[in-house]
Amino acid sequence: MKRDNVVERKALEWLKQRGVTVDDIAELVHFLQGPYHSDLKLSVCKENVERVLKKREVQNAILTGIQIDVLAEKNALEEPLANMVRRDEGLYGIDEIIALSIVNIYGSIGFTNYGYIDKQKPGILKDLNDKSNGQCHTFLDDIVGAIAAAASSRLAHSFAHEDEDFDDD
């Protein structure tokens, strides 16, 4: 039976509409894992990102987070929530909770990867955190960081099990 990919296609489409590509996320994975693997190819990072993006819980997080960000931009959320989301208020934290649901897919290493990349904000994460363009990425920046952290964790697990046939599906 062929799997219905409507949710996956929509999640990838919405990422692209918000200015995020698989390559952008792969660069974050390379940022996280490059110091540990000197010959790490971006194509390997991209493959791991693509595998993470196949997970339904990741697709659901993407769709939910982006929808809330868009509603905040359109002033379609009620106060006080609207202001908390638009400002990405530090004590709000629900955006990080959604991100942690992604990070948790590949074990505890994902938490450290996520914490590090969330603090450093390299690459696309820096762009997503720039509030000067009027867009709201309160959820998306954390989701993208979480996808990169999960893909980085997946990559680390696959290197640790090189002699085995690593398959997480």
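**Contacts, helix packing and backbone angles**

Student: Leaving aside its neighbours within four places in sequence, which residues is Ala 156 in contact with?
Tutor: This is a predicted model, and Ala 156 has its place in helix H9. Contact is counted for heavy atoms within 4.5 Å. With neighbours up to four places away in sequence set aside, the contacts of Ala 156 are Gln 33 and Ile 109.

Student: What separates the C-alpha atoms of Ala 156 and Gln 33?
Tutor: Gln 33 is one of the contacts of Ala 156. Along the chain the two residues are 123 residues apart. Their C-alpha atoms are separated by 7.6 Å.

Student: Does Ala 156 count as buried or exposed?
Tutor: The relative accessibility of Ala 156 is 18%. Buried means under 20%. Ala 156 therefore counts as buried.

Student: Which residues of H2 make the contact with H7?
Tutor: H2 and helix H7 (residues 109-120) pack at an angle of about 110°, and their axes are 11 Å apart. That angle makes H2 roughly perpendicular to H7. On the H7 side the contact is made by Asn 113, Tyr 116, Ile 117 and Gln 120, and on the H2 side by Leu 28, Phe 31, Leu 32 and Gln 33.

Student: How is H2 oriented relative to H3, roughly parallel or roughly perpendicular?
Tutor: Helix H2 (residues 22-33) packs on helix H3 (residues 42-53) with axes 8 Å apart and an angle of about 115°. Angles of 65 to 115 degrees count as roughly perpendicular. H2 and H3 are therefore roughly perpendicular.

Student: Is the crossing of H2 and H3 left-handed or right-handed?
Tutor: The H2 residues in this contact include Val 22, Ile 25 and Val 29, and those of H3 include Leu 42, Cys 45 and Leu 53. The crossing of the two helices is right-handed.

Student: At what angle do H1 and H4 pack?
Tutor: In helix H1 (residues 6-17), Trp 14 and Leu 15 are among the residues that meet H4, where the partners include Leu 63, Ile 66 and Gln 67. H1 passes H4 in a left-handed crossing. The two helices are oblique to each other, with axes 9 Å apart and a packing angle of about 45°.

Student: Why does Ile 66 count as buried?
Tutor: Ile 66 lies in helix H4, residues 56-73. Leaving aside neighbours within four places in sequence, Ile 66 is in contact with Trp 14, Leu 15, Arg 18 and Leu 140. The cut-off for buried is under 20% relative accessible area. Ile 66 counts as buried because its relative accessibility is 3%.

Student: How far are the C-alpha atoms of Ile 66 and Ser 43 separated?
Tutor: Along the chain, Ile 66 and Ser 43 are 23 residues apart. The separation of their C-alpha atoms is 26 Å.

Student: Which side chain makes a polar contact with the side chain of His 137?
Tutor: His 137 sits in the loop between helix H8 (124-128) and helix H9 (140-160), and is buried, at 4% relative accessible area. Not counting residues up to four places away in sequence, His 137 touches Arg 18, Asp 69 and Leu 128. The polar contact, at 3.3 Å, is with the side chain of Gln 135.

Student: Which residue does a cis peptide bond join to Glu 79?
Tutor: Most peptide bonds are trans. Here, omega is about 5°.

Student: What is the phi of Asn 75?
Tutor: Most residues other than glycine have a negative phi. Asn 75, in the loop between H4 and H5, counts as exposed at 55% relative accessibility. Its phi is positive, near 55°.

Student: What is the phi of Lys 121?
Tutor: Lys 121 is found in the loop between H7 and H8. At 25% relative accessibility, Lys 121 counts as partly exposed. Its phi is also a positive value, near 50°.

Student: How far apart are the end C-alpha atoms of residues 24-157?
Tutor: UniProt, in an unreviewed entry, lists this span as "domain: YutG/PgpA". In the model the span is 69% helix and 0% strand. Its end C-alpha atoms lie apart by 21 Å.

Conventions: Residues numbered from 1 in each chain as written. Predicted model: local features only at pLDDT ≥ 70, side-chain atom pairs only at ≥ 80, totals over all residues. Heavy atoms only, no water. Helix = DSSP H or I, 4+ residues; strand = E, 2+ residues; numbered from the N terminus. Buried < 20%, exposed > 50% of the residue type's maximum accessible area, 1.4 Å probe, protein only. UniProt positions renumbered as here; feature names shortened; annotations may be inferred. Polar contact = N/O pair within 3.5 Å; in protein donor to acceptor, adjacent residues only side chain to side chain. Axes fitted to C-alpha atoms, helices over the stretch in contact; angles between N-to-C directions. Parallel < 35°, antiparallel > 145°, perpendicular 65-115°, else oblique. Left-handed = near helix turned anticlockwise from the far one by under 90°.
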